[in-house]
Amino acid sequence: MSQREIPTYCRICEPLCGLIATVEDGKLVRLRADKEHPLSRGNACPKGIAFTEIQNDPDRVLYPMRRVTTAGSESGTAGFERVSWAEALDDIGARLRTVIGAHGRESLGWYFGNPSTFSYSHTLWLVGFQLAAGLRHVYSAGSQDINNRFVASELLYGSLTSVPVPDLDRTDFLLMLGANPVVSHGSAMSMPRIREKLTAITKRGGRVVVVDPRRTETARLFEHVGVRPDGDAWLLAALLQVIFTEGLADAQALRRQAAGVRELRDAVGRFTPEATAVVTGLEPDRVRTLAGDLARAGRAAVYGRTGTCLGRHATLVAFLIDALALVTGNLDAPGGSVFGKELVAVSKLNARLGLIGYGKNRSRIGDFPDVLGTFPAAIMAREITTPGPGQLRALFTSAGNPVSSVPNGRELSSALAQLDLFVSIDLYLNDTNRMADYILPATTFLERDDIPLPFTALSPTPYTQYTERVLEPYGEAREEWRIIDDIATRIGVQPFVVGPAAAGGLLSRLRGLPGGRSARPTPKLLADLAIRTGPYGDWFGLRRGGLSLRMLRRHPHGLVLSDAVTTGVLREIVQHKDNRVHLAPQEILAELRALETPQVDPAYPLRVIGMRELKSHNSWMHNSELLMRGDRTHAARINPKDAAVAGISDGARCLVTSAHGSIEVTARLTEDMTEGAVAIPHGWGHNGGWQRANAAGGANVNDLMSTDIADVERLAGMSNLNGVPIRLDPLSAG
Ligand SMILES: Nc1nc2c(c(=O)[nH]1)N[C@H]1C(S)=C(S)[C@@H](COP(=O)(O)OP(=O)(O)OC[C@H]3O[C@@H](n4cnc5c(=O)[nH]c(N)nc54)[C@H](O)[C@@H]3O)O[C@H]1N2
Ligand SMILES: Nc1nc2c(c(=O)[nH]1)N[C@H]1C(S)=C(S)[C@@H](COP(=O)(O)OP(=O)(O)OC[C@H]3O[C@@H](n4cnc5c(=O)[nH]c(N)nc54)[C@H](O)[C@@H]3O)O[C@H]1N2
Ligand code: SF4
Ligand SMILES: [Mo]
C-alpha cells in the first residue's frame, strides 16, 4: 500500500487555501488544510474538505456519454449511454462540420462557467479557440457575476481588467457593499483567513461598515447599514453629494488623479441624503455621518461585490464605488483601494494588442456590447430560438450550469432542446447538460496541474502556488484544454494562444527553448513563458529571485510574493491618453440622469435578493453528504412583519411569484432581513444525475428572473438577479 501526502491548493473559491491530499493507490483518501501554506496556515472551509466526496462521487461522469433518447425528453440519466472518446469526438466533429457547412462558424457557441476561472489551461485554450475560430456566441458566468466591474474599470481607467482591491492590512475604514466574505470567503479579493483580516481592522481601532439588505454573518461582526435592495446607486451618489458639498473631497487627489470632477459633482448634485432616502430606506443623518466618517478616516477602502453587481444599475454602482475611493483620496493609496500586480501582464498586453476588450462586437439580440469577448448569458436562449443569420445552433458548455444560474432557467432549458448540437464538458450530469447530446468527462482540479493566474493581482497580500496534478484522472476524464483542442482540430482550427504569443515575440522565443515545440505549445509551456516574462518573472535568469514554474516547484506550499500591494502605480494602470481617471464618462452621466425613484407595483410589493450559504457552492456541491448533513433545506429568509402581512409562518411552504415566474420554498422568518427584502439562495432545485442533490429539493430561484431585453443591464449586459419585485403567498400551514 502506497500512501502519499501531497501539498496542493483548493480551487473551489478565491482564497485558494492550501490543502494536503492523502492519496493511496491512485485514489484520494482525504483532504485536510495545509498548515504550511503561508497564508491559509491550516485553515480550510467545509467545502474544501468535502471535495473528497466530489472527487470520489459515484455519480460523477467518468466516461463520454451520448444521449440515446430524443432531445427534450424528461428522462434524465436514463437517456445516456457510454461511448468511446474517439466515437464521441468524431461524431461531434462531423456534426459540427455539417452545421458550419450550412450556417457558418457564427452558428457555434460556448458558455463557460465559474470553475473554469480556476483552471489556467481551460481558460487559455478557450480564449485560443475563440480567437482562432472567430467564435461570436461566447457566454459566461461573468454576466451574472462581475462583468459590470470590468466595464466600470474600462470607463474609469481605460483598462478593463484593472480592478482595485481593499488594502485590508493597512486600512482604518472598510466600506463594504453587497458582499458577505465571512461566508463567501471573499471575491475579487483573494485572501485566506478573511474573517481574521477583517476583525483585525476593528481590533486595531478601525471600522468595517457593511451595506446589505440582510444583517449577514459579516454584518453581525461589524456595523450594519440595512440598505433597500438595489438602493446602492442612490446611496453612493448621496455619499458623493455630501462629500462634495461639505468640502470633504480630497482636492489634491482630485487634481493629481482625476478628470471630470466638476461634471461628476454636478451629476450627483440632486442626490441628497434626503432625496434618496425613499429609495435607500436610510435616515439622511446616518448617510451624512457615514460620508463624513469615510472622508475623514485616515485610510479608507471601498469594496463591493455580487450584491452590487446584480441590480439594475450594476456598472454605475461599480463605477461609483471607485469614484468614492478616489474622491476621498483613497485610490492607489496605502490602506485604500489599491491595484495589485498581475502574475501575467494581461492588462498591458491587452491594452497593446486589443485582442479582447469591451464593445468590439455587438450581440445579434439586444445589441449588447461584448465584455472580454462574451455577451450577456441572459440572451442566450433567444439567440438559440430566434431564426436568421447568425442563429446559435451548436452550443458547448464547460464547467457551467446555466439553467440554474442565469435568469429564466425554464426558457433556457426549452431553448437548449432546439439546438442542432449540444455538448457539455463537466464532472456531472447537471440541470443543464441533461439536455445535451454529449457529456464529456472533465478532470477535477486535483487531476490537473495549475497556477492561479488571475488571482495574484486581486490579493492585498500577493501570493501564488504551482501544483502538479495530485491524482491521475479517474475513469476516462480528460483535461478541458485537451478536449477543446481535439474538437478544434476536427473543424480545422488550431487554438494556439494568440495573446501572450504575439506579444513580445514569445512564440519565436519558444522555438528556441529546449523541449518547446513551436507548432503545438502546451498550456504549461505558455504559462511558464508568460510568468517568466511577467511582472514577477525571472526573465530567463535576468531577474534574480524572479518566478518560473521551476522556481515555484521548490515552494510546494505556496509563496507570498510581497507583504503588501505597491501603491502609487495609477499612472501605469490608467490607459486613457490624458493619464487620468475619468470620473464623468458620458455613459455614467447618462445613467445618473436616468436614475428615477422605482415605482412599487402593488402586485409585487417585496424584492428578492441573493445570498450564499457556507455549505453550498453555487449549484454544484449539493451531492456531498458532508455538506448536506443535518437540516439543509432551501429556504427564503423573510422579515417577520412581511411574513405576517402575507400570512406566512416560520417553516411553512410558500409561493414566491414575480412577473416572470413562481417557485415554492420554505419560509424562514428572521429579523436579519430588512423589511421588504426576501433572500433566497440560487443553485437549488436539481434535476440531474446527482442523486443526493436531486433529493435535497428546493427550487431554481432564477425561474423568477427576467431575460427581457429591458431587464438586462445596458452597459455590461448584467442579469438582474437582485432586487427583483415579488409577492409571497402561503401554500400550507407550517
Ligand atoms: N439568483 C442568482 N443567480 C446567480 C448568482 C446569484 O448570486 N444569484 N450568482 C452567479 C454567480 S456569481 C456565478 S459564478 C454563477 C455560477 O454559474 P455557473 O458557473 O453556470 O454554474 P455553477 O453552479 O458554478 O456550476 C459549475 C458546473 O461546473 C462543474 N464543474 C466543477 N468543477 C469542474 C471542473 O473542474 N471542470 C469542469 N469541466 N466542470 C466542473 C460542476 O459540476 C457544475 O456543473 O451563478 C450565478 N447565478
Ligand atoms: N460558501 C460559498 N462561497 C462562495 C460561493 C458559494 O456559492 N458558496 N460562491 C462563490 C462565488 S461564484 C462568488 S462570485 C462569490 C460572491 O461573493 P459575495 O459577493 O461576498 O457573496 P454573497 O454571499 O452572495 O454576498 C452578496 C451579498 O449581497 C447582498 N445583497 C443582495 N442584494 C443587494 C443589494 O441590492 N445591495 C447591497 N448592498 N447588497 C445586496 C446579499 O444580502 C449578500 O449578503 O462567493 C464565492 N464563494
Ligand atoms: S474557502 Fe474556498 S478555497 Fe478555501 S477551502 Fe473553502 S472552498 Fe476551498
Ligand atoms: Mo461567481
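Author: Strands of a sheet pair through backbone hydrogen bonds, either parallel or antiparallel. Here an open sheet of 7 strands has the order E5-E4-E19-E18-E17-E6-E7, with mixed pairing. Its edge strands, E5 (80-82) and E7 (137-140), each pair on one side only. Strands (E, at least two residues) and helices (H or I, at least four) are DSSP runs numbered from the N terminus, and two strands pair if DSSP finds at least two bridges between them. The model is predicted: local features need pLDDT of at least 70, side-chain atom pairs count only at pLDDT 80 or more, and totals for chains, interfaces and linings use all residues. Residues are numbered from 1 along each chain as its sequence is written, and side-chain values use heavy atoms, without hydrogens and water.

Reader: In which sense do E18 and E19 pair?

Author: Strand E18 (421-426) and strand E19 (438-441) pair in the parallel sense over 4 bridges. The bridge partner of Ile425 is Leu440 in E19.

Reader: How are two packed helices described?

Author: By the angle between their axes and the distance between the axes. Helix H4 (147-157) and helix H14 (314-327) pack at about 55 degrees, with axes 8 Å apart; axes are lines fitted to C-alpha atoms, for helices over the stretch in contact (heavy atoms within 4.5 Å), and angles run from 0 to 180 degrees between N-to-C directions. H4 and H14 are therefore oblique to each other (angles under 35 degrees count as roughly parallel, over 145 as roughly antiparallel, 65 to 115 as roughly perpendicular, the rest as oblique).

Reader: Which residues of H4 and H14 meet?

Author: Among them are Val151 and Leu155 in H4, and Ala318 and Phe319 in H14.

Methods: Chains are lettered from A and ligands numbered from 1 in the order in which they are written.
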